[in-house]
Amino acid sequence: MTASMAFMNEELDRMKREGLYGNIRALDGPQGAWIKIDGGKYLNLCSNNYLGLANDPRVCERAKAAIDSLGVGPGAVRTIAGTMSIHLELERKLAEFKGAEAAIVLQSGYCANVAVIPSLTGEDDVIFSDSLNHASIIDACRLSRAKTVRYEHSDMASLAERLEEYGDAPGRRLIITDGVFSMDGDVARLPEIVEIAERFGAITAVDDAHGEGVLGRGGRGIVDHFGLHGRVDVEIGTMSKAFGAVGGIVAGSAVLIDFLRQKARPNLFSSALTVPDAAACLAAVEIMSESDDPVRKLWHNGDYIKAALRGRGFNAGNSETPITPVIIGEASDAKAFSARLFEAGVFATAIVFPTVPRGTARIRVMVSAAHSEEDLDKGVEAFTCIGREMGVIGG
Ligand SMILES: *Cc1c(COP(=O)(O)O)cnc(C)c1O
C-alpha cells in the first residue's frame with residue numbers, strides 16, 4: 001500500500017476506538033432459523049429472510065431447473081441482449097401480484113432506487129425525503145442532482161410545510177419515503193402522504209423493501225395494505241428480503257415502466273438479473289400468491305417475541321411490524337451485548353451510527369416464518385440473562 005492510502009488505517013483505527021467497526025461474520029451453511037458459523041450452531045435473529053424462502057426447496061429447485069435450461073448469466077444489459085423471457089415473465093407476475101399495470105426488475109433494491117429517482121428528477125426539481133429514509137434513497141437523490149429537502153420523520157405537518165416553501169419554484173416535486181422504516185419497524189403514513197402529494201401536484205414514490213412479503217394481503221405490500229392502488233405513482237421494492245433471493249422491483253403505470261426501461265441507468269448500464277435469481281423470484285411470488293400462511297406465521301412470531309421482550313423489561317421501540325428493535329443506547333454497549341449473545345448461541349447484530357442516530361444503538365431482532373416458538377423462547381432467555389448482567393433491564 002502506498003503512503004497516499006495511509007488515511008484508511010487512520011479511519012479504521014478511529015472506527016475501532018469509537019466502537020463503530022463492524023465485525024462481519026460468515027455463514028457456513030444456508031440461511032435459516034438456525035445457522036452455522038465457525039463450526040457452531042446459532043439462532044439466527046438478524047436476517048431479512050422474512051418468509052423463510054431463501055432456502056425453500058421449491059425456490060431452490062426452480063433456480064436449478066432454470067440454470068439447466070437457460071444457463072446462469074444474462075450476458076448483457078437489458079437494453080442490448082440481456083432481456084430474457086424469464087425476466088418478462090417475472091415482471092408480469094410481479095405486476096399482477098402487486099395489482100399494478102406493469103413492473104420492471106432491477107439487480108437489487110439499491111439499483112431500483114438508483115433507477116427511479118434520477119430518472120424522474122433532475123437539476124430543476126425538488127425531492128422531499130423522510131429524514132429516516134434508507135441510504136439507497138439518499139444516494140439516489142444525490143445522483144439525481146435535484147434539490148433534496150428532508151422532512152421530519154413521518155411528520156405530515158413538516159412535509160406540507162416544506163412543499164409550501166417550494167410552492168412557486170419551477171420543476172417537478174417528488175415525495176419519497178420508506179414504506180416500513182427498517183431500523184424501527186414503523187409504517188409510513190402513506191394515505192396522508194398521498195393526500196398531500198395530490199394537493200401539491202407531487203409525484204409519490206414508496207420504497208417498500210421491508211413491506212413486501214410482510215404488509216398487505218399475502219404480503220402484497222404497503223399500497224395494498226392501505227388500499228391505495230392507482231394513487232401511489234411508484235412502488236419500489238426488493239426481492240432480497242421476503243422473496244429470499246436478490247433483485248429489485250419497480251411497479252406502477254405502464255408508462256412509468258416503459259419510461260424506466262428507456263431511461264433508468266441501472267437498466268441501461270448494468271447487466272440484467274441472473275437466471276437463477278429470476279427463477280427463484282418467480283417461485284417466491286407464486287408461493288406468496290398461493291397462500292398467506294407464511295405471512296401470518298411471520299406476524300405471529302413478531303408479536304410473540306415483542307411481547308416476550310417487553311415483558312422482561314426491554315425497550316422494544318414503537319415497531320408496527322415484525323421488525324423488533326431492542327434499544328440499548330451507546331454503540332459500545334450494543335456491540336458488547338451482541339458479542340455476549342453470540343457467545344450464548346444467538347446471532348443478532350448491533351446496529352449503530354451511522355445506520356441509526358447516535359445514542360440509539362440497538363440490537364435489531366428479525367424473526368421469520370421459519371422460527372418456532374421454542375426457537376424464540378431460547379432467544380428471549382439469552383436476551384434476559386445478558387440484559388440483567390449488563391444492567392439493561394432490572395432484576
Ligand atoms: C434493504 C433495503 C434496500 C436495498 O435492497 P437490496 O435489494 O438489498 O439492494 C433498499 N431500500 C430499503 C428501504 C431497504 O430496506
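**Reasoning through the helices**

Author: The model is predicted. One place to begin is the residue after α14, G345, whose phi is positive, near 85 degrees.

Reader: How do you know that the length of α14 agrees with its 13 residues?
Author: Helix α14 covers residues 331–343. At 1.5 Å a residue it should span 18 Å. Its end C-alpha atoms are 19 Å apart, so the two agree.

Reader: Which residues of α14 are buried?
Author: They are A331, A334, F337, S338, L341 and F342.

Reader: What puts them on the same side of α14?
Author: The arc they cover around the axis is only 140 degrees, and therefore they share one side of α14.

Reader: Why is R162 called buried?
Author: Buried means under 20% relative accessible area. R162 has 18% relative accessibility, so it counts as buried. This residue lies in helix α7, residues 156–165. Leaving aside neighbours within four places in sequence, R162 is in contact with F128, V149, R150, Y151 and E152.

Reader: How do the axes of α5 and α6 cross?
Author: Two packed helices are described by the angle and the distance between their axes. For α5 (residues 109–120) and α6 (residues 135–144), the axes come within 8 Å and cross at roughly 35 degrees. The crossing is right-handed.

Reader: Which residues meet there?
Author: From α5 come Y110, N113, V114, I117 and P118. From α6 come S136, I137, D139, A140, C141, L143 and S144. The residues of this contact divide into eight nonpolar, three polar and one charged.

Methods:
Residues are numbered from 1 along each chain as its sequence is written. This is a predicted model: local features need pLDDT of at least 70, side-chain atom pairs count only at pLDDT 80 or more; totals for chains, interfaces and linings use all residues. Side-chain values use heavy atoms; hydrogens and water are left out. Helices (H or I, at least four residues) and strands (E, at least two) are DSSP runs, numbered from the N terminus. The expected span of a helix is 1.5 Å times one less than its number of residues. Buried means under 20% relative accessible area, exposed over 50%, partly exposed in between (1.4 Å probe, protein chains only). The arc is that of the directions from the helix axis to the C-beta atoms. Axes are lines fitted to C-alpha atoms, for helices over the stretch in contact, and angles run from 0 to 180 degrees between N-to-C directions. A crossing is left-handed if the near helix is turned anticlockwise from the far one by less than a right angle, and right-handed if clockwise. Contact means heavy atoms within 4.5 Å. Ala, Val, Leu, Ile, Met, Phe, Trp, Tyr, Cys and Pro count as nonpolar, Asp, Glu, Lys and Arg as charged, and the others, Gly among them, as polar.
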